[in-house]
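Okay, thanks for coming, everyone.

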Amino acid sequence: RTELALKEIMSSGGAEDDIPQAERKTVTDFCYLLDKSKQLFNGLRDLPQYGQKQWQSYFGRTFDVYTKLWKFQQQHRQVLDNRYGLKRWQIGEIASKIGQLYYHYYLRTSETSYLNEAFSFYSAIRQRSYYSQVNKEDRPELVVKKLRYYARFIVVCLLLNKMDVVKDLVKELSDEIEDYTHRFNTEDQVEWNLVLQEVAAFIEADPVMVLNDDNTIVITSNRLSETGAPLLEQGMIVGQLALADALIIGNCNNQVKFSELTIDMFRMLQALEREPMNLASQMNKPGMQESTEKPARRENPHKYLLYKPTFSQLYTFLAASFKELPANSVLLIYLSATGVFPSGRSDSEGPYDFGGVLTNSNRDIINGDALHKRNQSYKEMHCLHPGDLYPFTRKPLFIIVDSSNSVAYKNFTNLFGQPLVCLLSPTAYPKALQDQSQRGSLFTLFLNNPLMAFLFVSGLSSMRRGLWEKCQDYLRKINRDIAQLLTHSRSIDQSFLQFFGDEFLRLLLTRFVFCSATMRMHKIFRETRNYPESYPQLPRDETVENPHLQKHILELASILDVRNVFLENTLDDY
């Protein structure tokens, strides 16, 4: 490529001798860096997706080359314009690749600060109109690069809750797609229109709008803030375990998704992250932090995001997480998936007799499926059964199952005596509650944004900012009280308390109790299957049916003027 570029220079710039040696060297160096960067970037695809250490040095080398390339084109822009014919879209491509690197670094490390870095590079492309000339060139593949840049930028903005930017980008992308399909009459028009539909549905997934006085929508963040998790009381004895790794699995049919994130996965991943910091103040470059430097606070737990995995993919990632789990650490498994129910009758009640949740089926197992249909005594193959998780209970395990067959996981057995908790969603919701399942599960919404979930079950669809903030303050008080109920309980299983030292798990547990107590007091949640459950069971009278907590929930309902939605007679004994 370098030789080609030099030949082009000579043919356009006159005789070879007319070009100063220094300028020839500049072009040669640029071509070398460009080739090297593309080679390294393409090599990222070959890195294993699981395992946390093998990829770091390769990422570091790739960042180094892109940093040099970016600075080089800035310093020698004039020469590269004149002698190489550097186009603005080519600069945009380099910036876009750096944005992608930061985004992938975020996916690998779960450090939200890298999202800010990706955002700043993607923003620069838009502000400096690097791709504006692409539409004048008769090359559809260049326009596709531009469209992909928009889709990637939208994902980063969604993860950073920059919804106002997302709306602008969607409008621009829509215009670009229209122009692209009109000019080139391509076959991928349907796919690009689907991208637009997906992101539009994703933006509208929240069932409640919080409004400023001028009726603009308030963007609320649900990541862990400094004041997020209830503090532990002085002298309170809880476990010292820390959440180190999480598998977030999404396999629900018909749920809103964008890129490879369902709305449930999107909500849960935010519940396992802290508010982003500005990276510049923290470190220079990914992988370049000296091991002696300690980050200012604990990192986010590492996450794997698995969209519609097959059983073998899920098990591979699970085994990798299990293998690399540090001492005194917890592995969290979040399953948002369609329920799979046992097909035949079984006389036994073992860990493979209750079904579980769906895993994706590869077409190459079709013969197995046919055999399966002939013989009802076989177990479901494309299903994660409770028994499949037994080997991993050799280490502390925290499981959340959001599914129509979540109760299959109630039949767990703690074989190895390690801390083990399963939080299980209701298996059905009251018919009177409008069906929201496409826009995400109510149970996961309670774990991610309990106030929004509370407003939704109370029949509210919008709220003023001032009232929202007042309710958030009151909810923090409720969370503190729930934390005390759990730590003061005399009959609670010790597993809950062993997980209680970790901020993320403490917040999930208190939100789970709030969700369960709210549903048990709600007038239309009347069947047992409408309530969340847990393994081990929580002592109801001390937690989810505690009169003190019920009184708080009624007071929150009073602030919102929705007290009539809840039962009062639960307080007779108070």
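So, where does Asn215 lie? Asn215 sits in the loop between β1 (209–211) and β2 (242–251). One thing to keep in mind as we go: this is a predicted model. The backbone at Asn215 has a phi near 70°, which is a positive value in a residue that isn't glycine. As for the solvent, Asn215 comes out partly exposed, because its relative accessible area is 46% and that category covers the range between 20% and 50%.

There's another residue of this kind at Ser129. Its phi is near 50°, again a positive value in a residue other than glycine. You'll find Ser129 in the loop between α6 (113–127) and α7 (140–159). Ser129 is also partly exposed, with a relative accessible area of 35%.

Still on the backbone, look at Tyr535 and Pro536. A cis peptide bond joins those two, with omega at about -10°. Pro536 belongs to the loop between β13 (533–535) and α18 (547–559).

Now a helix. If you zoom in on the start of α17, a side-chain oxygen of Asp502 comes to within 2.9 Å of the backbone nitrogen of Phe504.

On to a sheet. Three strands make an open sheet in the order β7-β8-β9, with antiparallel pairing. The edge strands are β7 (339–340) and β9 (383–384), and each of them pairs on one side only.

Last topic, cysteines. How many disulfides does the structure hold? The count is 0. Two cysteines to click on are Cys252 and Cys383. Cys252 has a relative accessible area of 16%, and under 20% counts as buried, so Cys252 is buried. Cys383 is buried as well, at 1% relative accessibility.

That's my tour, so let's open it up for discussion.

Technical notes
Residues are numbered from 1 along each chain as its sequence is written. This is a predicted model: local features need pLDDT of at least 70, side-chain atom pairs count only at pLDDT 80 or more; totals for chains, interfaces and linings use all residues. Side-chain values use heavy atoms; hydrogens and water are left out. Two strands pair if DSSP finds at least two bridges between them. Helices (H or I, at least four residues) and strands (E, at least two) are DSSP runs, numbered from the N terminus. A polar contact is a pair of N or O atoms within 3.5 Å; within protein, one must be able to donate a hydrogen and the other to accept it, and residues adjacent in sequence count only if both atoms are side-chain atoms. Buried means under 20% relative accessible area, exposed over 50%, partly exposed in between (1.4 Å probe, protein chains only). A disulfide is a pair of cysteine sulfur atoms within 2.5 Å.
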